Amino acid sequence: MNRILNKRQAICGTIWILVICATLALWPLRLIHEEVRSASGSRNREVSEPVNADHVVQQRFIAQYDRLKEIEIYLADRVEGEKLNFAVRDASMQTLMQQVIDTGDMKTIPGYLKVQVNIDTEVGRDYYFLLQGVESAFRVAYADNTGENINIYIGALYYDGVEDTERCMIAD
């Protein structure tokens with residue numbers, strides 16, 4: 001049974017194939033993606049207390065998208081040494097990623113420290129990133145997170161477990 005396609009059927013078939021390929025490229029293969037940068041405010045900068053092995057600083061944030069590529073944290077001062085511990089945790093405090101970072105190769109301090117995270121997140125869920133000195137002490141910069149400067153995706157700041165809802169770490 002031989003069947004001959006007319007011009008209309010060929011065009012419709014071609015369009016359907018293109019639609020299916022475009023859908024696969026957008027989702028689930030994620031060949032086309034968009035990078036969105038979210039930043040905390042940087043007005044009214046304050047410098048934190050020393051962050052070392054005994055004193056941890058932690059920032060809560062709400063995931064806006066399903067992938068977290070990197071976090072840039074503003075280091076205000078390096079007191080001594082060059083290594084710090086960085087971790088990302090979920091709302092139940094399960095560690096999703098952790099690494100020791102050498103700040104010795106940073107060109108300038110004060111400045112931004114870029115940390116490659118590359119984890120999948122769930123939109124609308126709480127996550128935390130924390131910093132702790134390994135063999136060093138350092139200071140991070142805080143910004144005001146109240147009034148006109150408020151970012152609804154940035155939650156409380158914690159230093160040694162004490163909650164601070166009016167400030168946040170300066171980070172992108």
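Author: What follows goes through those topics in turn. This is a predicted model, where local features need pLDDT of at least 70, side-chain atom pairs count only at pLDDT 80 or more, and totals for chains, interfaces and linings use all residues. Residues are numbered from 1 along each chain as its sequence is written, and side-chain values use heavy atoms, with hydrogens and water left out.

Reader: What is the strand order in the open sheet?

Author: The order is S5-S4-S7-S2-S9-S10, six strands with antiparallel pairing. Strands (E, at least two residues) and helices (H or I, at least four) are DSSP runs numbered from the N terminus, and two strands pair if DSSP finds at least two bridges between them.

Reader: Which are the edge strands?

Author: S5 (95–102) and S10 (162–164), each of which pairs on one side only.

Reader: How many bridges join S4 to S5?

Author: Seven, with S4 covering residues 83–90 and the two strands running antiparallel. Phe-86 stands opposite Gln-99 in S5.

Reader: Now the rings. How many aromatic pairs are there?

Author: Five aromatic pairs. Rings of Phe, Tyr and Trp (its six-membered ring) pair if their centres lie within 6.5 Å; planes under 30 degrees apart count as stacked, over 60 as edge-to-face and the rest as tilted. Tyr-128 and Tyr-158 form a tilted pair, 6.3 Å centre to centre with 55° between the planes. Tyr-128 lies in S7 (residues 126–133) and Tyr-158 in S9 (residues 154–159), so the pair ties together parts that are 30 residues apart in sequence.

Reader: Are Tyr-128 and Tyr-158 buried or exposed?

Author: Both are buried, meaning under 20% relative accessible area, where exposed is over 50% and partly exposed is in between (1.4 Å probe, protein chains only).

Reader: And which residues form the aromatic cluster?

Author: Phe-61, Phe-86, Tyr-127 and Phe-129. Phe-86 is also the residue opposite Gln-99.

Reader: What about Asn-118?

Author: Asn-118 also has a positive phi, about 50°, and is not a glycine. Asn-118 is found in strand S6 (residues 111–120) and is partly exposed, at 40% relative accessible area.
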